[in-house]
Amino acid sequence: MAIAVFITMSIAILCLIKLDTPPVNVKHIDKLEHITAYFFLTLFWLLAFRKKSNAFIVLLLCFFYGIIIEVLQATLTTYRSGDYYDIIANVIGVFLAFTVFRVFFYKKDTF
């Protein structure tokens, strides 16, 4: 669970601080970053709460967490903006993590 909490806090911090990084000339690289971040966020929360009854809650919370972060970027910062496509990338990451979890970590007695 400690890793899941660390990832959750890291996403919030990295999404809300001003980063002075050189631009990368790869189209939509930020969407891949969102997919990756929310993949690991969701996967580690699913591993922390392995029971079937918790999976839907984890998916919902990760989904809404992504929306909240985008809203905070749009309202609290002047150097970041909320983006609907980022939310879509977050959702893709969430569902990829759920798929991987079901395929590789599925146990009949816990899920």
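Modeller: In this predicted model, a residue is called buried when its relative accessible area is under 20%.

Biologist: Which residues of α2 are buried?

Modeller: The buried residues of helix α2 are Lys-31, His-34, Tyr-38, Phe-39, Leu-41, Thr-42, Leu-43, Trp-45 and Leu-46.

Biologist: Why does Phe-101 count as buried?

Modeller: Phe-101, found in helix α4, has a relative accessibility of 1%. The cut-off is under 20%, and Phe-101 therefore counts as buried.

Biologist: Why are α2 and α4 called oblique to each other?

Modeller: The axes of α2 (residues 29-48) and α4 (residues 84-104) cross at roughly 40° and come within 7 Å. Angles under 35 degrees count as roughly parallel, and 65 to 115 as roughly perpendicular. The two helices are therefore oblique, and their crossing is right-handed.

Biologist: What makes the contact between α2 and α4?

Modeller: On the α2 side, the residues include Asp-30, Lys-31, His-34, Tyr-38 and Leu-46. On the α4 side, they include Tyr-85, Ala-89, Gly-93, Phe-98 and Phe-101. The residues of this contact divide into 15 nonpolar, 4 polar and 3 charged.

Biologist: Why does the distance between the end C-alpha atoms of α2 agree with the span it should have?

Modeller: Helix α2 has 20 residues, and at 1.5 Å a residue it should span 28 Å. The expected span is 1.5 Å times one less than the number of residues. The end C-alpha atoms of α2 are 29 Å apart, which agrees.

Biologist: How far apart are Phe-101 and Ile-13 in sequence and in space?

Modeller: Phe-101 lies 88 residues from Ile-13 in sequence and 26 Å from Ile-13 in space, C-alpha to C-alpha.

Conventions:
Residues are numbered from 1 along each chain as its sequence is written. This is a predicted model: local features need pLDDT of at least 70, side-chain atom pairs count only at pLDDT 80 or more; totals for chains, interfaces and linings use all residues. Side-chain values use heavy atoms; hydrogens and water are left out. Axes are lines fitted to C-alpha atoms, for helices over the stretch in contact, and angles run from 0 to 180 degrees between N-to-C directions. Helices (H or I, at least four residues) and strands (E, at least two) are DSSP runs, numbered from the N terminus. Angles under 35 degrees count as roughly parallel, over 145 as roughly antiparallel, 65 to 115 as roughly perpendicular and the rest as oblique. A crossing is left-handed if the near helix is turned anticlockwise from the far one by less than a right angle, and right-handed if clockwise. Contact means heavy atoms within 4.5 Å. Ala, Val, Leu, Ile, Met, Phe, Trp, Tyr, Cys and Pro count as nonpolar, Asp, Glu, Lys and Arg as charged, and the others, Gly among them, as polar. Buried means under 20% relative accessible area, exposed over 50%, partly exposed in between (1.4 Å probe, protein chains only).
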